[in-house]
Amino acid sequence: MAKIYFDAATGGNPGLSSCAVIIVTEEERYIFENDLGVLDNHSAEWAAFEFALHCAIELNIDNALVFTDSKLIEDSVNREQVKSDKFKPYLNKALSLANHFDLMFVKWVPRNQNKEANHYAQQALYNKKKRK
């Protein structure tokens, strides 16, 4: 089962946002970064989750254990509902993408267990700001 870690970095709330995804399979380790535009911190986390699922689908991953330091995402995906209408499109998209997997679990981890994804997300944001 592939392990997927993702995180978003936002410069302001809202502000310029980037994300990173780390996918670890039995054969290889992949690192992806993506610019997300201007988002608030929760929307950036949702966009990062969506990007992570797209990356896994492109790698033809069938079974995934997705780690997030966002309780909002873990709770929302596992309950298949969100409290705020603002996040319903993100949840619906994530659930649709989840159908591409034979098996997918989303599990919350403390921020210190998601350091690598956070590092690359912060680095991507720094590089984005430097280009402006």
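Predicted model: local features only at pLDDT ≥ 70, side-chain atom pairs only at ≥ 80, totals over all residues.
Strands of a sheet are paired through backbone hydrogen bonds, in either a parallel or an antiparallel sense. Both senses can be followed in the pairs described below.

## Strand pairs

Strand 1 and strand 2 run antiparallel and are joined by 10 bridges. Within this pair, lysine 3 has valine 24 in strand 2 as its bridge partner. The two strands form a hairpin, with 2 residues between them.

Strand 2 also pairs with strand 3, again in the antiparallel sense and over 10 bridges. Here glycine 15 is placed opposite leucine 39 of strand 3.

Strand 1 and strand 4 run parallel, and 4 bridges join them. Tyrosine 5 has phenylalanine 67, in strand 4, as its bridge partner.

## A helix across the sheet

## Packing of helix 1 and helix 2

Helix 1 packs with helix 2 at an angle of about 60°, and their axes are 10 Å apart. Angles from 65 to 115 degrees would count as roughly perpendicular and those under 35 degrees as roughly parallel; helix 1 and helix 2 are therefore oblique to each other. Their crossing is right-handed.

On the helix 1 side, the contact is made by His42, Glu45, Trp46 and Phe49. On the helix 2 side, these residues meet Leu72, Ile73, Ser76 and Val77. By class, the residues of the contact of helix 1 with helix 2 comprise 5 nonpolar, 2 polar and 1 charged.

Most residues other than glycine have a negative phi, and most peptide bonds are trans. The sites below depart from one or the other of these patterns.

The peptide bond that leads from asparagine 13 to proline 14 is cis, with omega near 10°. Proline 14 is located in the loop between strand 1 (2-12) and strand 2 (15-24).

Asparagine 60 is a residue other than glycine with a positive phi, near 60°. The loop that holds asparagine 60 runs between helix 1 (41-58) and strand 4 (63-68). Is asparagine 60 buried or exposed? Its relative accessible area is 62%. Exposed means over 50%, so asparagine 60 is exposed.

Glutamate 80 likewise has a positive phi, near 55°, and is a residue other than glycine. Glutamate 80 sits in the loop between helix 2 (71-79) and helix 3 (88-98). With a relative accessibility of 57%, glutamate 80 counts as exposed.

Terms used: Residues numbered from 1 in each chain as written. Heavy atoms only, no water. Buried < 20%, exposed > 50% of the residue type's maximum accessible area, 1.4 Å probe, protein only. Axes fitted to C-alpha atoms, helices over the stretch in contact; angles between N-to-C directions. Parallel < 35°, antiparallel > 145°, perpendicular 65-115°, else oblique. Left-handed = near helix turned anticlockwise from the far one by under 90°. Contact = heavy atoms within 4.5 Å. Nonpolar A, V, L, I, M, F, W, Y, C, P; charged D, E, K, R; others polar. Pairing = 2+ DSSP bridges.
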